[in-house]
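Here is a briefing on one protein model.

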Amino acid sequence: MFKILARANDLESQGKSILHFELGDPDFPTPGNIVEAACKSLQDGETHYVDSFGLLDLRKAAAESMAKGVRGFSPDLNQVLVTPGGNSQLFYAMACTTNPGEEVIVPDPGFVSYYSIADFFGINAVRVPLYEKNEFRLNPRDVEKAITDKTRMIVINSPSNPTGSIMKEEEIRGIYELAKEHDLFLLSDEVYRRTVYRDADTDFFSPSGLDKCKDRTIVVNAFSKSYAMTGWRIGTLTAPADLTEKMNLLLETNLSCVPPFIQRAGIEALEGSQEPSNQMREELRRRRDTIVDGLNSLPNVSCVKPRGAFYAFPNITETEMSSREFADFMLAEAGVSLAPGPIFGRHGEGFVRFSYATSIENIKEGIQRMDLALRKR
Ligand code: PLP
């Protein structure tokens, strides 16, 4: 992804106008109250080591927000670990649940780190395809077929990167039952939890309430996307206490702790007004509508309506270009930078991903330019 960005930036530095749709980074500033909380903490001298598990106040705030929200239960504080963002949680979770040579079931197309972290540990990432005809929702029957005696964990991601799909409650319950029957961990990557649009035909559902994260469910949760805090590197993970303890040992060994002033910002994000985050979601919904309508108006392109996150994943097979050819063509001919679907797994071929965390003006201009390029071709 960063290679694509570098290529686009290179063209930009040569004077070409490039519209960026490649990175999943909200273009909103971090809300002011969150920034102020960090500044105050620094001024108060919170510049030293703290408990590697995280500040008690942040772990309490995270537990309370789980109790108040849709997850509907309050985990014990020894189940909650403060980490630098969501990626580190995926890394710790794979490291502490699965040995080299064993298997983790992941959605394909799915977030790239699932594959790369598994690869790094010599874990086999068993890919279960997501189908456009099923609006890219993971199907429990497909998951069941992928389970072997080497499987240790199933990963679900709703709302999903790169497709924006939201799984239905019965699908998540079905996968939870499979995990229970085969005694597997179930990792629920919920970093887009707050970006669920009101017109989604299905509510967000988390498997965490089913076992209160006591037996097998691991909730990956970060502040990056919900509060426009991608550069802050902070998140809270919830898992069975013995697993959280192991992950904490790993975190302590390689990081010591998450900086306390960053954690104060996290507390403010959870306890302060949710209005800025709600407004971001509303703005993203407007952008979603603009980009999906625009993509569906392009010749030979069709796009399923994403229900959450901030990605559109149109089908481009009828253009008779591969995903990479389409991305290269759009960069060269329209100055539109986007991600080819196979970056997110081999089942992403025939699709490309647009991150619409950019202005409505950019979206409209991008659609116009792509329309022109496709019609001239
Ligand atoms: N999980 C998913 C599905 C993501 O899309 C991302 C980031 O793009 C992450 C986890 C990582 O989040 P963070 O930036 O907090 O490390």
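Is glutamate 102 buried or exposed? Glutamate 102 is buried, because its relative accessible area is 15% and the cut-off for buried is under 20%. The model is a predicted one. The assignment for this protein gives domain 1 (2–30 + 276–376) and domain 2 (32–271). The structure holds 21 salt bridges.

**Glutamate 102**

- Glutamate 102 sits in the loop between α4 (85–97) and β3 (103–108).
- A polar atom of the glutamate 102 side chain lies 2.8 Å from the backbone nitrogen of asparagine 99.
- Neighbours within four places in sequence aside, glutamate 102 contacts Thr97, Ile123, Asn124, Lys150 and Arg152.

- Isoleucine 218 lies in strand β7.
- Isoleucine 218 counts as buried because its relative accessibility is 0%.
- Leaving out residues up to four places away in sequence, isoleucine 218 touches a set of residues that includes Ala93, Met153, Phe185, Leu186, Leu187, Leu237 and Leu243.
- Thr97, Ser188, Thr238, Ala239 and Pro240 are also among the residues that isoleucine 218 touches.
- Isoleucine 218 and glutamate 181 are 37 residues apart in sequence, and their C-alpha atoms are 17 Å apart in space.
- Asparagine 221 is in the loop between β7 (217–220) and β8 (235–238).
- Asparagine 221 has 18% relative accessibility, so this residue counts as buried.
- Beyond residues up to four places away in sequence, asparagine 221 touches Arg71, Gln89, Glu190, Gly235 and Thr236.

- Lysine 214 and aspartate 76 form a salt bridge, with their closest N and O atoms 2.6 Å apart.
- This pair links distant parts of the chain, 138 residues apart.
- Lysine 214 is in the loop between α8 (208–211) and β7, while aspartate 76 is in the loop between α3 (56–68) and β2 (80–83).
- Lysine 214 has a relative accessible area of 40%, so lysine 214 is partly exposed.
- Aspartate 76 also counts as partly exposed, because its relative accessibility is 38%.

- Arginine 285 and glutamate 282 meet through their side chains in a salt bridge (2.7 Å, N to O).
- Both arginine 285 and glutamate 282 lie in helix α11, 3 residues apart, which is about one turn of the helix.
- Arginine 285 is partly exposed at 21% relative accessibility.
- Glutamate 282 is partly exposed too, with a relative accessible area of 31%.
- Arginine 285 also forms a salt bridge with aspartate 289, where the closest N and O atoms are 3.0 Å apart.
- Aspartate 289 and arginine 285 are 4 residues apart in helix α11, about one turn of the helix.
- Aspartate 289 has a relative accessible area of 23%, so aspartate 289 is partly exposed.

**Domain 1 against domain 2: extent**

- The C-alpha centres of the two domains, domain 1 and domain 2, lie 26 Å apart.
- In domain 1, 34 residues are in contact with 37 residues of domain 2.
- Between them, domain 1 and domain 2 bury about 3,000 Å², and 55% of that area is on carbon and sulfur atoms.
- Thr30, Arg307 and Phe344 supply 26% of the area that domain 1 buries against domain 2, more than any other three residues.

- Glutamate 135 and arginine 307 form a salt bridge, with the closest N and O atoms 3.8 Å apart.
- Polar contact joins 22 residue pairs across the interface of domain 1 and domain 2, with both residues at pLDDT 80 or more.
- Helix α11 (residues 275–297) gives the largest share of the side of domain 1 that touches domain 2, with 8 residues.
- By class, that side of domain 1 has 15 nonpolar, 10 polar and 9 charged residues.

Conventions. Residues numbered from 1 in each chain as written. Predicted model: local features only at pLDDT ≥ 70, side-chain atom pairs only at ≥ 80, totals over all residues. Heavy atoms only, no water. Helix = DSSP H or I, 4+ residues; strand = E, 2+ residues; numbered from the N terminus. Buried < 20%, exposed > 50% of the residue type's maximum accessible area, 1.4 Å probe, protein only. Contact = heavy atoms within 4.5 Å. Domains from an automatic or database assignment. Buried area = accessible area lost by both parts, 1.4 Å probe. Salt bridge = Lys/Arg side-chain N within 4 Å of Asp/Glu carboxyl O. Polar contact = N/O pair within 3.5 Å; in protein donor to acceptor, adjacent residues only side chain to side chain. Nonpolar A, V, L, I, M, F, W, Y, C, P; charged D, E, K, R; others polar.
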